[in-house]
Amino acid sequence: MGDYVPTYVLDLPQKPDSPAAVKYFLDELNKFKGVMEQLTGNKVTVEQLKNEIISSNETRKLLYRLYDLRKKDSPPISGVDVIKVMQKQYVLSAEDFKKALRNLIDEAEQVKADKADYKADYKADYKADFIHMPRIMISGCPMPGGNTKVPEIIENRGGVIVVEESCTGTRSFWDLVDENKDPMIALAERYIKIPCSCMTPNDRRIDNILELAGEFKVDGVVNYTLQFCHGYNIERYKVQQALKNAGIPVLSIETDYSDSDVEQIGLRVDAFMEMLS
Amino acid sequence: MISVGIDSGSATTKAVLVIDGQMVTHNIRPTGFDILSAAKNVYEDVLSDAEIDKKDVTGIYATGYGRNSIKFADRAVSEITAHTMGVHHLYPAVNGIIDIGGQDSKIISVNDGKVTDFLMNEKCAAGTGKFLEYTAKALEVPIEELGRLALASKKPASITSMCTVFAESEVISLRARGFKKEDIAAGLIESIARRVAVMVRQVGLKQNVAFVGGVAKNAGIKVFLEKELGVSLYVPPEPQITGALGAALYGISKS
């Protein structure tokens, strides 16, 4: 890849709880900082970093507010819409994204519980409002731009997605970066804690899933794995066990970006919705 | 109350007519390309068989891959719920179902007639009727004979490919090495049984398990599955129609 674009491989320590992990990661981030400075010709200053951290924390706090609205018995916004919003944060500038997000939150806060007008799109078979629909958590692999296949299937077949436990969902904003520490240390500490399945042990993720399931009053979890993202495939077992013990049904789906399995997934989702309602 | 359940499967379309909660008659036809006419045909067949007029039918309920294309049905339900209701009606004590159909296999965990968990094969044909259909062709054996042939084997050949296409070429190489037909047939069925057993263990089915779907009609497969799982399986007299039966019963429960 380095033949085509400037590439730097950031080495992640995979045992984030070991005492040397943050130190090693900090060292890596500093090296990366040097590479970026050389590449762009700009010097990274402490002050600039602090400002960016404050700005990103603002985005995170807005996302907390957006997700808070989804805890309502009748969420004012569909999961597919939130996923599309989340995908935009990787394309828009921080300022544009925050502006759009503020407008969206203002609008969503106005939606009355009984005015979920998107219900018209659902199949005649499922005339229920969001309030009567099984509340679904999607947990697992990220869903970058263009990838809304599984969420669309879920929401077209009678479910409402209330939270996504993934790197394009909660994991992207769940913890703020400490604004009072040395910025590089604060960044290292925040990002090493992300419970990606490539980390070990990763009990943090299981605890977080159970916590989110309670907070968002989740009826069922769709464990979503992209083919060849094997970490999540392996961790699926632990996630299933933990949720089963908590009495929360799980549907595991392994898929890719193609549309070839839409009907097969649809059948599983139909059956899962029938099971939950 | 007269209710008809139609199961539009990948290989065959099934209809079951239920009057006051009791199954009266059924019909099975190949699905073919035109799933809607196959559904119409089985529907009309069960009506004429039971001498019932269309206007007296309370409801028509569809399940199977074509369930949403059967426009004359009042409601659609997934095969997983349908099979569960159908099997529960026949065997109220059952708490697990193995359904092997034309293009997929399903393992369902049941509690008091309700689905509590389920697992399906991934999108490939491994562990399905299609697998047997293809590999039987390589053996030049009619699919109906495959099970019986396998039972005659004393030393099943080992088939390691899960993939239908690779298994077929594995059969061809076993054939070239002089393996007996019955041993290859037994090897094929053993490989399906192993595949299904893995899923059964994942869902955690232990006893009171029913085996349904078109593949359950193949005598040998039941024997091999029972051996692999170490339990005896309930197989209804007509295992292919539990989905249609369940759809009819589901309709009644919802109306």
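Tutor: Contact means heavy atoms within 4.5 Å. This is a predicted model, in which local features need pLDDT of at least 70, side-chain atom pairs count only at pLDDT 80 or more, and totals for chains, interfaces and linings use all residues. Residues are numbered from 1 along each chain as its sequence is written, chains are lettered from A and ligands numbered from 1 in the order in which they are written, and side-chain values use heavy atoms, with hydrogens and water left out.

Student: Which residues does B:Val171 touch, not counting residues up to four places away in sequence?

Tutor: B:Val171 belongs to helix H5 (residues 164-176) of chain B; helices (H or I, at least four residues) and strands (E, at least two) are DSSP runs, numbered from the N terminus. Setting aside residues up to four places away in sequence, the residues touched by B:Val171 are B:Thr135, B:Ala138, B:Leu139, B:Ile159, B:Ile184 and B:Leu188.

Student: Is B:Val171 buried or exposed?

Tutor: Buried means under 20% relative accessible area, exposed over 50%, and partly exposed in between (1.4 Å probe, protein chains only). The relative accessibility of B:Val171 is 0%, so this residue counts as buried.

Student: How many residues does the contact take from chain A?

Tutor: Buried area is the accessible area (1.4 Å probe) that two parts lose on being put together, summed over both. Between chain B and chain A it is about 1600 Å², with 45% given by carbon and sulfur atoms. Chain B gives 20 residues to the contact, and chain A gives 21 residues.

Student: With which residue does A:Asp270 form a salt bridge?

Tutor: A salt bridge is a side-chain nitrogen of Lys or Arg within 4 Å of a carboxyl oxygen of Asp or Glu. Between chain B and chain A the count is two salt bridges. In the one formed by A:Asp270, the closest N and O atoms are 2.6 Å apart, and the partner is B:Arg67.

Student: How many residues of H9(A) are buried?

Tutor: H9(A) is mostly covered. Of its 15 residues, the number buried is 13.

Student: How many aromatic pairs are there over all chains?

Tutor: Rings of Phe, Tyr and Trp (its six-membered ring) pair if their centres lie within 6.5 Å; planes under 30 degrees apart count as stacked, over 60 as edge-to-face and the rest as tilted. By this rule, the count over all chains is seven.

Student: How is the aromatic pair of B:Tyr91 and B:Tyr234 classed, and what is the angle between the planes?

Tutor: The centres of B:Tyr91 and B:Tyr234 are 5.0 Å apart, and the pair is tilted, with 40° between the planes. It links distant parts of the chain, 143 residues apart: B:Tyr91 is in the loop between helix H2 (79-90) and strand S6 (96-100) of chain B, while B:Tyr234 is in strand S10 (residues 233-234) of chain B. To repeat the class and angle, the pair is tilted, at 40°.

Student: Where does A:Lys217 lie, and what is its phi near?

Tutor: A:Lys217 lies in the loop between H7 and strand S3 (220-226) of chain A. At 39% relative accessibility, A:Lys217 counts as partly exposed. Its phi is positive in a residue other than glycine, with a value near 50°.
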